[in-house]
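Me: I've got a structure open and would like to talk it through with you. Could you take my questions one at a time?

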Amino acid sequence: MIEFDRISVRYDAEKVLTDFSAKIPAGEKVVFTGASGAGKSTLFHALLGFVPLSGGEIRVDGLKLDAGSVGRLRSRMSWLPQELSLGLDTVRELVFYPFGFRGNRERRPSESRVKECLERLLLPPSVLDKRLDEISGGQKQRVALASVLLLGREIILLDEPTSALDDASAEAVALQMKELEGTTVLSVSHDNRWAERMERRIEIIKSNG
Amino acid sequence: MGAEDIGWGNLAAGYVLLFVPLLIFRYYRTGMIRSTLVSMARMSVQLLLVALYLEVIFRLNNPWLNTGWVTVMILATAWTVIGRVRLSPRYLFVPVFLAVLFSLTAVDAYLLGAVLRLNFIFDARYFIPITGMLIGNSLTAVIVSFDSFFGSLTRQQTTYRFGLANGATRQESLRIFIREAIRRAMNPTIASTAVMGLVSLPGMMTGQILGGSDPSVAIKYQILIMISIFVSTLLSLVISLNLCSRFVFDRFDNLKSSVFRR
């Protein structure tokens, strides 16, 4: 269970989130919607400990997010930002990038498992041998998603996961999410088709000031 | 045999050359006349003062005095780095000072003690000019690496956070930025090393030849100096970046905003 308990975030004088509350049971697939600047991405940044809370609390299975617990909580999550530039050259490097970290080495997937995951996201297995500048934005987005999915974390955070995808690819990605039993998937999206495919939609209202 | 001395009148004649850039600056209204005159005046006064105290230091040749002077140079280096990159001295002064001190001690000890086999490694004639050259080169590289590291960390915050959010430790997440900083700082050194002797004659070698040394001896010193500069520069910047990254992040691994001077 992820609990956002009356959380507020401000950047300097600007209020980005004010008294936001939500409870998300384990395994639920949720989409956060709302106007630009309403604080949807900030919510993920707050959950990952990247921005300080000016009020309220975040708890995951009762464990409060603070400096002492942030490492443990991050290790239960994976996050795909809307735009990602890692300075890598090939698709293979991108897929395996998180598995180069010491904490993930034991989870390094086999080649066949990677190809299977890519196929489920409507990517041909041969894409693994391509350079990143040879594939489209939509393909790149799904390759990065595959990398995050293969980590097998219990909480997955996706920021605008369909921003570069056509309808068929977005459908395939949504299907993958639904099949992840027991995995909590939180997403932020402007895409109505995506929002309709998730189990619950939570609207974030823009703070004043 | 030493180089011919230059009379004060002849030295003054050398300044006449400066009329050329001053006229060009004036013609194009570059606004650089004042800064040029100030920098030339500073350079002249600083070097004349260096000559005075080097004479004293060389005459006394006292290990404590020599080491003290090198320590002052390292302190000045750390201060210059902080000033040039607009970062708060609170977090960075000590890491830069310690990094440069360690690099120079290690490289000086090996070069002067093990390679040149000096009986007295604090001999001012070797210790001060060689350490000075190592410091000068390290200074430039550390500034470039800090610019690159903090600049890209600020611009590409998502890249850093992606690592943290997907299982990386802070050091693992920073590796991409340290790698880029090393590339940017070391590439000019690699490039200038590759063309040494072809398109540039290094100052130390030229100085030795003017001072009456055999060119073959001067070249051997130059080769050792180039290798030492390369090693001490790299050590200085890698140790500086790794040490300072222990102080500039908060307990959530976020870069402290107080690192940047407003």
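Me: Which residue lies over the face of Phe96(A)?

Reply: Bear in mind that this is a predicted model. To count, the charged atom has to be within 6 Å of the ring centre and within 35 degrees of the ring normal. One side chain sits 4.2 Å from the centre of the Phe96(A) ring, and that is Arg108(A).

Me: Take Phe150(B) and Phe260(B): what kind of aromatic pair do they form?

Reply: Their ring centres are 6.2 Å apart, with 90° between the planes. Planes over 60 degrees apart count as edge-to-face. So the Phe150(B)–Phe260(B) pair is edge-to-face.

Me: How many residues apart are those two in the chain?

Reply: Phe150(B) belongs to helix H6, residues 124-155. Phe260(B) is in the segment after helix H10 (215-244), so the pair links distant parts of chain B. The separation is 110 residues.

Me: Now Ser240(B): is it buried or exposed?

Reply: Ser240(B) is in helix H10 of chain B. Its relative accessible area is 0%, and under 20% is what the label takes, so Ser240(B) is buried.

Me: Which residues does Ser240(B) touch, leaving out those up to four places away in sequence?

Reply: A touch here means heavy atoms within 4.5 Å. With the sequence neighbours left out, the list for Ser240(B) is Pro95(B), Val96(B), Ala99(B), Val142(B) and Phe146(B).

Me: Zooming out, how many helices does chain B have?

Reply: Chain B has 0 strands. Read from the N terminus, its elements run α-α-α-α-α-α-α-α-α-α. The helix count is 10.

Me: What share of the residues in chain B is buried?

Reply: The C-alpha trace of chain B spans about 65 × 55 × 35 Å along its principal axes, and the chain exposes about 15300 Å². Of its 262 residues, the buried share is 36%.

How values were computed: Residues numbered from 1 in each chain as written. Chains lettered and ligands numbered in written order. Predicted model: local features only at pLDDT ≥ 70, side-chain atom pairs only at ≥ 80, totals over all residues. Heavy atoms only, no water. Helix = DSSP H or I, 4+ residues; strand = E, 2+ residues; numbered from the N terminus. Buried < 20%, exposed > 50% of the residue type's maximum accessible area, 1.4 Å probe, protein only. Areas by Shrake-Rupley, 256 points an atom, 1.4 Å probe, with all protein chains shown as cover. Phe/Tyr/Trp six-rings, centres within 6.5 Å; stacked < 30°, edge-to-face > 60°.
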